[in-house]
Amino acid sequence: MAMDWEVFCKDTLDGVVQSGCFGNGRDITYLDWLLSAWGWTVSVSLTGLVIALVAGSIIGVIRTLPASPWLVRFGNAWVELFRNIPLLVQIFLWYFVVPALVPPMKAFPPFILVVLALGFFTSARIAEQVRAGIQALPKGQRYAGMAMGFTTVQYYRYVLLPMAYRIIIPPLTSESMNIFKNSAVAFAVSIPELTQYALQVGEETARPIEVYIAVTILYAISAFVINRIFAFIERRAQVPGFVVAGTGAGGH
Amino acid sequence: MKKLWLAAAVSFLASGAAFAQTTDTLAKIGERGAVNLGVRDSSGLAFTLGGGKYVGFHTEMAERIVDDISKQLGKPLTINYQVITSQNRIPLIQNGTIDFECGSTTNSRARQKDVDFAYTTYVEEVRMAVNTKSGIKSINDLGGKTLAVTTGTTSVQHIRKKARDANLDFKQVMGKDHADSFLLLESGRADAFVMDGSILAANIAKAKNPKDFAIVGEVLSVEPIACMLPKGDAKLKKAIDDSIERQVKDGSLAKLYDKWFMQPIPPNNVNMNMPVSESTKNAWANLNDKPMEDYGN
């Protein structure tokens, strides 16, 4: 099939190919639009990732606390709630149902609601990983921390978490890449991101194949950059002789 | 308007396989004593009631066309209903699985390369639906408002053009599908929903409080909807066109329209309440098979 890559240089209204491929002012080309859509995808994903990491870490830690059964139950409930409901359904709950129950939330922009949905959904998965990482450590480490006279906060901060996070970097990498791919659901609530771009521009230009190739490449690049960042962190944070020692290149 | 991008992709793949040949569908129909008719399961013009029952304005019109063909061939014909979608309709016409289809296919120049169209029997008008309390009466009232449109439709482009021409600034939210877009309007997240008139009317008829919504404002664009048939089959095209001409001339098509758009219809007995538009009347008065590009879009 003959590819027509010039389609990205076309003005979005009159379909005239612009020199330099970028429009100006109110006249935008499909390339301008594509970059803006990529911007939305990246913003949704990164903001969602921050929420997921913070909330996931807190919930994950809570679930391993030794003497707080109610906090543990809360953590368990959180994880079960957010990982048992399909992401797309959660998006609609945040967008249509929650604002109907909590009227002030009607004023929230869709971006915030999507980021909350994506962040909390992923937080449940990250919480599981954090819990697994902490529980993978020998019990002796916790007791050693206690024996040193550390408070709970202190032995988590100085003994358990530094080791647990190192163990879970590989699954965290997957989760962070997933959030980029999952961000496609934001299209369902009117975020003008890459998936929506692909559907709309494919229709307008009748060149869906070129459009999908471009969008696929941008998704792949975004996820791959995150992968490399985590691989770098993993290498730098490695404790010699611990966990993935010997592979040298990270385990993924 | 229903032409999803996939239609283009699939038809491309199919056109590679299709080879030039002159088909005589009428002879084939006569031999098998049956017409393979393409129908839709959920469009405003053709839909299903379930259990193999297909109804709607265009479906019933197609049944009358089959009656006329049966008279012309001098033998009784049965109809095999075959559900088609926006994605597979062109390949199925091209490979002969269906003889012709009457649903909600827009006659466009791009499609005319692959298939032929009968006379336009319905003209879709792109309009906007608003909440009656909003006070919006025209495009010019939309400054600063939020508009809902459905992703993957050409309405998005029309509205962007209008915005530029009228130098208006409004926000645009894109629903995943028509039901979502209408929900945006219903839940107050959008002030107006821009889409095909028949889709707006159907959504309003099904709304919780149909009286809260109205279709207002100017016609943003028009698209001719016609029955689609295999390319280059002059005999079949003439048979279908003649039948349409008869139905228009003796007023039965207008009565059929009334039955499906101005009276309560199954399955829910809602009235679409959509009087025949000027554009459709005009298409009946001057029968033609022009593509949408000739309508000044």
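1. Buried area is the accessible area, taken with a 1.4 Å probe, that two parts lose on being put together, summed over both. Between chain B and chain A of this predicted model, that area is about 2,400 Å². Carbon and sulfur atoms give 56% of the area buried between the two chains.

2. The contact between the chains draws 27 residues from chain B and 26 residues from chain A. Across this interface of chain B and chain A, the rule finds one salt bridge. The pair consists of the side chains of Glu204(A) and Arg160(B), with an N to O distance of 3.0 Å.

3. Over all chains, the structure holds 24 salt bridges. A further example lies within chain A, where Arg83(A) forms a salt bridge with Glu128(A) and the closest N and O atoms are 3.5 Å apart. This pair links distant parts of the chain: Arg83(A) belongs to helix H2 (residues 69–84) of chain A, Glu128(A) belongs to helix H4 of chain A, and the two are 45 residues apart.

4. Helix H4 of chain A, residues 110–136, also packs with helix H3 of chain A, residues 87–101. The angle between them is about 140 degrees, and their axes are 9 Å apart. That angle makes H3(A) oblique to H4(A). The crossing of H3(A) and H4(A) is right-handed.

5. Which residues of H3(A) meet H4(A)? They are Leu87(A), Gln90(A), Ile91(A), Trp94(A) and Tyr95(A). Their partners in H4(A) are Pro110(A), Leu113(A), Val114(A), Leu116(A), Ala117(A), Leu118(A), Phe120(A) and Phe121(A). The residues of this contact divide into 12 nonpolar, one polar and no charged.

6. In chain B, helix H3 (residues 57–73) and helix H10 (residues 252–261) pack at an angle of about 145 degrees, with their axes 9 Å apart. The crossing of H3(B) and H10(B) is right-handed. From H3(B) the contact takes Phe57(B), Glu60(B), Met61(B) and Arg64(B). From H10(B) the contact takes Ser252(B), Leu253(B), Leu256(B), Tyr257(B), Lys259(B), Trp260(B) and Phe261(B). The residues of the contact of H3(B) with H10(B) comprise seven nonpolar, one polar and three charged.

7. Another helix pair of chain B is formed by H7 (residues 178–186) and H8 (residues 197–206), whose axes come within 11 Å and cross at roughly 65 degrees. H7(B) passes H8(B) in a right-handed crossing. In H7(B), the residues His178(B), Ala179(B) and Phe182(B) meet Ile199(B), Asn203(B) and Ile204(B) in H8(B).

8. Two details of the backbone deserve a separate note. In chain B, a cis peptide bond joins Pro266(B) and Pro267(B), with omega about 5 degrees. Pro267(B) is found in the loop between strand S11 (264–265) and strand S12 (270–271) of chain B.

9. The second detail concerns chain A. Ser190(A) has a positive phi of about 70 degrees, although this residue is not a glycine. Where in chain A is Ser190(A) placed? Ser190(A) is in the loop between helix H7 (169–182) and helix H8 (194–205) of chain A.

Conventions:
Residues are numbered from 1 along each chain as its sequence is written. Chains are lettered from A and ligands numbered from 1 in the order in which they are written. This is a predicted model: local features need pLDDT of at least 70, side-chain atom pairs count only at pLDDT 80 or more; totals for chains, interfaces and linings use all residues. Side-chain values use heavy atoms; hydrogens and water are left out. Axes are lines fitted to C-alpha atoms, for helices over the stretch in contact, and angles run from 0 to 180 degrees between N-to-C directions. Helices (H or I, at least four residues) and strands (E, at least two) are DSSP runs, numbered from the N terminus. Angles under 35 degrees count as roughly parallel, over 145 as roughly antiparallel, 65 to 115 as roughly perpendicular and the rest as oblique. A crossing is left-handed if the near helix is turned anticlockwise from the far one by less than a right angle, and right-handed if clockwise. Contact means heavy atoms within 4.5 Å. Ala, Val, Leu, Ile, Met, Phe, Trp, Tyr, Cys and Pro count as nonpolar, Asp, Glu, Lys and Arg as charged, and the others, Gly among them, as polar. A salt bridge is a side-chain nitrogen of Lys or Arg within 4 Å of a carboxyl oxygen of Asp or Glu.
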